[in-house]
Every structure is written in structure tokens, then in C-alpha cells.
Amino acid sequence: MTIDSRPLFGKVALIGIGLIGSSLAHAMRRAGLAAHIAGYSHRSETIEKAQAIGFADSFHTSLAPAVRGADLVVLAAPVGAFGELARELGPHLKPGAILSDVGSVKMAVLRDVGPHVPDGVHFIPAHPIAGTEQSGPESGFAELFDGRWCILTPLPGADEGAVATLKSFWQRCGSQVEIMDPKHHDLVLAITSHVPHLIAYNIVGTAADLETVTESEVIKYSAGGFRDFTRIAASDPVMWRDVFLNNREAVLEMLGRFNEDLSALQRAIRWGDGEMLFNLFTRTRAIRRSIVDAGQDIGEPNFGRPRTKNPA
Ligand code: NAP
């Protein structure tokens with residue numbers, strides 16, 4: 001098989017150059033996908049950090065010059081900012097350009113961005129299911145999307161050629177691509193990503209508030225499972241605030257199910273129903289195995305952490 005190394009686009013504008021925006025720039029460079037990458041951020045400190053790394057060809061604190069003449073514009077800021085950004089940049093988009101995003105929710109993006117898309121511009125929302133708990137332009141790396149899924153949620157009647165181009169773009173950034181209905185996307189991501197983050201934020205918050213366990217004990221004995229929650233709970237507060245505010249219905253629906261199942265577990269513990277606990281834990285272990293088998297995580301013990309003695 002020959003690998004296509006021709007640039008897909010003349011100019012790509014990244015609106016937001018944190019973890020996802022900067023990773024996209026690195027991945028685009030690796031695959032030679034754009035003749036010119038423009039990076040936008042609203043704060044000059046962020047631009048200075050990004051300039052020092054140098055993952056784009058031009059950097060901007062104004063939207064108009066960033067998107068002018070761009071063939072692809074990707075919104076990569078927190079989703080709560082998308083509506084205002086789209087309102088401001090919409091009039092500067094080139095006819096025939098693709099406007100996309102990387103937001104973790106999709107119905108709210110359609111609601112907030114859709115009204116600002118000019119005629120002749122192809123609006124195709126997208127969500128790469130890839131990330132870390134780090135944020136900012138220093139945290140990005142080219143391999144972030146390798147082997148991960150990117151979900152496109154085009155509206156019915158979207159231009160097929162533009163959808164195919166965006167699909168090829170994500171594939172050449174290393175992703176596997178799936179097309180999904182936006183409402184279904186929000187429901188799936190509520191249970192696979194949003195509720196797990198809420199649980200992590202909650203358990204770390206609860207542990208921090210416990211008066212009977214000192215904070216130093218929480219940190220000292222954290223290896224027993226708690227530590228893995230703290231990694232997720234260290235994720236960017238602005239990004240995650242916006243996810244919960246913008247995927248309210250789906251998250252509340254999934255939390256309802258979660259609470260019911262948690263009550264069932266509570267009852268099983270109270271009544272000593274070991275069989276129920278054992279059966280559930282056996283099923284969940286199989287799910288972990290299928291995630292590893294699907295290549296979505298490594299099968300190393302303890303997530304591949306080095307087996308060194310804890311220096312503490
Ligand atoms: P990040 O590292 O915090 O980067 C966010 C970027 O947006 C920064 O350049 C930030 O600039 C800029 N920004 C913040 N507020 C803004 C505003 N009001 N107007 C304009 N720009 C603003 O976050 P990220 O992880 O890359 O997330 C970006 C998007 O990707 C979000 O929509 C998120 O839902 C989505 N996403 C994230 C992950 C993940 O795991 N992190 C995975 C998939 C999708 P300053 O730093 O200068 O404020």
C-alpha cells in the first residue's frame with residue numbers, strides 16, 4: 001500500500017492550541033497535511049509558549065487573520081466558547097472551506113455554531129476520542145491520535161466530498177474514523193467518558209473532604225486505586241465544566257442508571273450477596289480485556305508504570 005503524502009489543504013487554522021490543537025498541528029506536520037498551519041489563541045502568553053515550540057507557521061491573537069483563506073478551520077477551544085468564536089470568525093470564512101471542531105459534545109456544538117456558518121461553508125463536527133489529563137500547548141504530541149477513534153457527526157445532506165476529505169484528514173493524523181448521529185454520540189460519550197470523569201472528580205473531592213482520614217494519608221496510600229482516579233480528576237477544569245454544562249441531558253440520564261446500579265451494589269454488600277458482586281466483577285474484568293484486545297489500551301500491569309520502589 002502506498003501512503004499518500006500530498007498536502008490535503010493549503011491552509012489549516014487551529015482555533016485553540018492547547019493539548020488537542022497542538023497535537024493536531026504536530027500530527028499534521030508529521031503527515032504533511034497542510035502547506036500552512038495557523039494557530040489562534042486568545043491569550044498572548046499561550047501564543048508565546050506555542051511560538052517557542054514552533055508547531056505552526058503563523059500565530060494569531062485575532063481570529064480574522066487566522067482563518068482568512070483557510071481551507072479547514074478547526075475549533076479546539078473549550079466547547080462553551082464555540083458559539084462566540086463562530087459568530088466572530090464566520091464572516092471571514094472562505095467559500096468552500098470546511099469548518100470543524102474537536103469538542104467533546106456534539107448537540108451543543110450544532111446548536112451554538114450552526115447558526116453562524118455562512119452559505120457555501122461545509123460544517124462537519126468531529127470528536128477525536130483521544131486525550132490526556134494535561135493541557136496547554138506544551139502538552140501536545142504527534143502520536144496522540146494514533147489508533148484512536150475520531151467520530152464525525154455530519155448533518156443529513158452534508159457535502160459528501162467534504163466529509164470524505166475530513167475523514168481522510170483524520171486518518172492521516174493516525175485515527176480510525178466513524179460517522180455517528182450527534183445525539184447518539186452524546187449518549188455514548190456520557191457513559192464512556194463524561195460520567196467516569198464526574199465519578200473521579202467526586203471521589204477525589206470526597207476523599208479530600210473526609211475529616212477522619214488526613215490529607216497526608218490520602219496521598220501516602222493512594223496506590224490502592226485512588227491514584228488512578230486522581231489522574232482523571234486532574235483534567236482541565238474549564239474544559240470539563242463546559243462538557244457537563246453542554247451535555248446535561250445525556251449525563252443526567254446515564255447518572256440515573258449509574259445511581260440505580262450503585263444502590264444495587266450497596267444492597268448486595270449489606271446483605272452479603274457475594275454471588276452478585278462476583279458476577280459483576282467477572283463481567284467488568286472481561287470488558288477490560290476487550291479494551292486491551294481492541295488495541296485501545298496496553299495490557300501491562302498497573303498501566304505499564306515502572307516497577308520501581310515508591311520513593312516516598
Ligand atoms: P486545553 O489544553 O485547555 O486548550 C484549550 C485551548 O483553547 C487553549 O489554547 C486556550 O487558550 C483556548 N481557549 C480557552 N478559552 C478560550 C476562549 N474563551 N476563547 C478562545 N480560546 C480559548 O484543552 P484541550 O484538552 O485541548 O481541549 C480543547 C477541546 O478539545 C475541548 O473542546 C475539548 O472538549 C476537546 N477534547 C479534549 C480532549 C481531552 O482529553 N483533553 C479529548 C477530546 C476532545 P489559553 O490557554 O490561552 O486560555
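1. A salt bridge is taken here as a side-chain nitrogen of Lys or Arg within 4 Å of a carboxyl oxygen of Asp or Glu. By that rule, 1 salt bridge crosses the interface of domain 1 and domain 2. Glu 133 forms a salt bridge with Arg 231, with 3.1 Å between the closest N and O atoms.

2. The model is predicted: local features need pLDDT of at least 70, side-chain atom pairs count only at pLDDT 80 or more, and totals for chains, interfaces and linings use all residues. Residues are numbered from 1 along each chain as its sequence is written, and side-chain values use heavy atoms, with hydrogens and water left out.

3. The domain assignment places domain 1 at 9–180 and domain 2 at 184–304; such bounds come from an automatic or database assignment. The C-alpha centres of the two domains are 29 Å apart.

4. Contact (heavy atoms within 4.5 Å) links 22 residues of domain 1 with 17 residues of domain 2.

5. About 1500 Å² is buried between domain 1 and domain 2, 58% of it on carbon and sulfur atoms. Buried area is the accessible area (1.4 Å probe) that two parts lose on being put together, summed over both. Of the area that domain 1 buries against domain 2, 34% is supplied by Ser 104, Glu 133 and Met 180, more than by any other three residues.
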